[in-house]
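Student: I am new to this structure. Please show me how to read it, feature by feature.

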Amino acid sequence: MAQESDANSMVSVAIGRWGVAAAPSRLRTLLGSCVGVVLHDRSAKLGGLAHIVLPDSRGVVDQPGKYADTAIPALIAELEKLMRGKAAGRLVAKLAGGASMFQVGPPGAAAAPTRNIGRMNQEAVEAILATLRIPILARDLGGDGGRNLIFDPATGRVQVRTPGGVEREI
């Protein structure tokens with residue numbers, strides 16, 4: 001986990017990292033094809049944000065915040081420590097990001113199937129949360145533009161803004 005805090009109790013979560021915060025602090029990040037996974041416990045007014053870059057670590061263990069399959073368990077483990085083992089059954093999720101900003105596939109092969117990293121991140125995150133039985137309360141996923149995300153653990157509110165767009169709550 002890596003985080004920076006400023007004088008306004010705002011913690012910035014960098015790409016491929018996760019952060020946790022309790023009220024009155026808030027978490028924020030900037031997303032493109034990455035997916036921001038917010039986990040929240042309303043009664044504890046505590047939560048975390050993982051900034052997931054890729055869907056699968058394929059066994060890589062040196063950057064656990066980068067991959068959906070390692071970042072989500074790491075974030076839950078940190079929340080469990082802070083909640084003294086009481087996170088199970090109390091966490092809910094909200095998701096944002098997963099834009100179609102990068103395509104992968106054979107270069108120059110216009111007819112070849114391509115894969116959308118944002119979509120792959122969404123699918124991986126939703127599958128992991130389903131396996132862990134963490135309900136997803138809201139989503140702001142897809143599209144082709146980035147998003148700013150701010151999470152307030154006091155209320156569970158997640159504010160999302162796209163460049164040039166209006167701010168909305170999920």
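Student: Which residues are linked in a network of salt bridges?

Tutor: Some ground rules come before the reply. This is a predicted model: local features need pLDDT of at least 70, side-chain atom pairs count only at pLDDT 80 or more, and totals for chains, interfaces and linings use all residues. Residues are numbered from 1 along each chain as its sequence is written, and side-chain values use heavy atoms, with hydrogens and water left out. Now the general idea: a salt bridge is a side-chain nitrogen of Lys or Arg within 4 Å of a carboxyl oxygen of Asp or Glu. Here, Asp140, Arg147 and Arg168 make up such a network.

Student: Where do Arg168 and Asp140 lie?

Tutor: Helices (H or I, at least four residues) and strands (E, at least two) are DSSP runs, numbered from the N terminus. Arg168 and Asp140 meet in a salt bridge of 2.7 Å, N to O. Arg168 sits in strand β13 (residues 167–169) and Asp140 in strand β10, so the pair ties together parts that are 28 residues apart in sequence.

Student: Is Asp140 buried or exposed?

Tutor: Buried means under 20% relative accessible area, exposed over 50%, partly exposed in between (1.4 Å probe, protein chains only). Asp140 has 11%, so it is buried. Arg168, at 28%, counts as partly exposed.

Student: How many salt bridges does a search of the whole structure find?

Tutor: The search finds 6. One of them joins Glu126 and Arg139, with the closest N and O atoms 2.7 Å apart. Glu126 is in helix α2 and Arg139 in strand β10, 13 residues apart. Glu126 is partly exposed at 25%. Arg139 is partly exposed too, at 46%.

Student: How do I read the sheet? In what order do the 5 strands come?

Tutor: Strands of a sheet pair through backbone hydrogen bonds, either parallel or antiparallel. Two strands pair if DSSP finds at least two bridges between them. In this open sheet the order is β3-β6-β5-β7-β10, and the pairing is mixed. β3 (18–22) and β10 (136–141) are the edge strands, each pairing on one side only. On average, neighbouring strands are turned by 15° against each other, direction ignored.

Student: In which sense do β5 and β6 pair?

Tutor: β5 (residues 35–41) and β6 (residues 46–52) are antiparallel, over 7 bridges. The β6 partner of Gly36 is His51.

Student: Which strands does helix α2 touch?

Tutor: Contact means heavy atoms within 4.5 Å. Axes are lines fitted to C-alpha atoms, for helices over the stretch in contact, and angles run from 0 to 180 degrees between N-to-C directions. Helix α2 (residues 117–131) packs on the sheet and touches β5, β6, β7 (92–97) and β10. The direction of α2 makes about 25° with that of β5. Helix α1 (residues 68–82) lies across β3, β5 and β6, at about 160° to β6.

Student: Which side chains of strand β12 are buried?

Tutor: Look along β12 (residues 157–161), where the side chains alternate. Val158 and Val160 point to one face and are buried.

Student: What pairs with β12?

Tutor: Strand β11 (residues 147–152) does, antiparallel over 5 bridges. Asn148 stands opposite Arg161. β13 also pairs with β12 in the antiparallel sense, over 3 bridges. There, Val160 has Arg168 as its bridge partner.

Student: Which residue takes a positive phi in the hairpin of β11 and β12?

Tutor: Gly156 does, near 85°, with 4 residues between the strands. In the hairpin of β12 and β13, with 5 residues between the strands, Gly164 has a positive phi near 80°.
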